[in-house]
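Student: I'd like to learn how to read helices and side-chain contacts in a model. Could you walk me through one?

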Amino acid sequence: MTDNEESRYTRGRRALNQLEHDADRSVLDNVAEFCPDLARLVVEFGYGDVFARPGLSVADRQLVTIAALGALGNAPSQLRFHVGGALNVGCKPEGIIETFIHLTVYAGFPAALNAIRIARDVFAEKGVAVSPSEQRTPPRDRFDVGSVFLERVDGHGGTDVVDGLADIAPDLGRFIVEYSFGDVYSRSGLTLREREMVTVAACSALGTCVPQLRLHMQGFLNVGGTRDELVELLIQMAVYAGFPASLNALTQFRNVVLDVEH
């Protein structure tokens, strides 16, 4: 092992320990017994090269990670680990719950329900008490409230999407406003910046919603996020959704930047 490789590994273990809070054992110990090279690569690349980068806070990295894993729905053990890691780095339980409620819009209710079940189990294991509080937009206000949040996040891009459905599925356009923005985006527990951050993570990981991904990349910038933060988020996706997903998302971000500049 060269000095450079050793520094990557050491940096990675230090970053991983922020999530684990356990100096004596690691979630990767069992992997190392069977496939030591994979365990080393996870530490060196996933944590030493990517997680330890500046540009996103540790808490933000955990929110986008659980959003991506929750949306994909194919790695429950890793989602369980990162929910615990999110708590360990200071993410509020309410923020984790809100992240999974938010996924109903972009990954569907089954993905959100599965993720919430995992969060509940992790909270119970860690003795984290959560006091459920019902948040409900008054039925008569859902469209008006949703319209306000849609405008704040997506500007004319969002209203263009809704208007574009008027001739074929006007009810779907209404659902977007009433449910996605009137019921979900209006909730407390996550800032609008955080909501757009987890939206971009989920859409990037899924890889099936390019127009919506571009819209919400611009939405992230509209509510106070930065270009550098978006780049860091998309680099992070290479670890949890794969390099193709990250590369495809970065291509769309380049198009968003070009549209803004022209």
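Tutor: Helices (H or I, at least four residues) and strands (E, at least two) are DSSP runs, numbered from the N terminus. Just after α7, Gly127 has a positive phi of about 70°. This is a predicted model, where local features need pLDDT of at least 70, side-chain atom pairs count only at pLDDT 80 or more, and totals for chains, interfaces and linings use all residues. Residues are numbered from 1 along each chain as its sequence is written, and side-chain values use heavy atoms, with hydrogens and water left out.

Student: Which residues of α7 are buried?

Tutor: Buried means under 20% relative accessible area, exposed over 50%, partly exposed in between (1.4 Å probe, protein chains only). In α7, the buried residues are Ala111, Ala112, Ala115, Ile118, Ala119, Val122 and Phe123. They cover an arc of only 140° around the axis (taken from the directions from the helix axis to the C-beta atoms), so they sit on the same side of α7.

Student: What joins the side chains of Gln236 and Arg61?

Tutor: A polar contact is a pair of N or O atoms within 3.5 Å; within protein, one must be able to donate a hydrogen and the other to accept it, and residues adjacent in sequence count only if both atoms are side-chain atoms. Here the side chains of Gln236 and Arg61 are joined by one of 2.7 Å. Gln236 lies in helix α12 (residues 227-240) and counts as buried because its relative accessibility is 1%.
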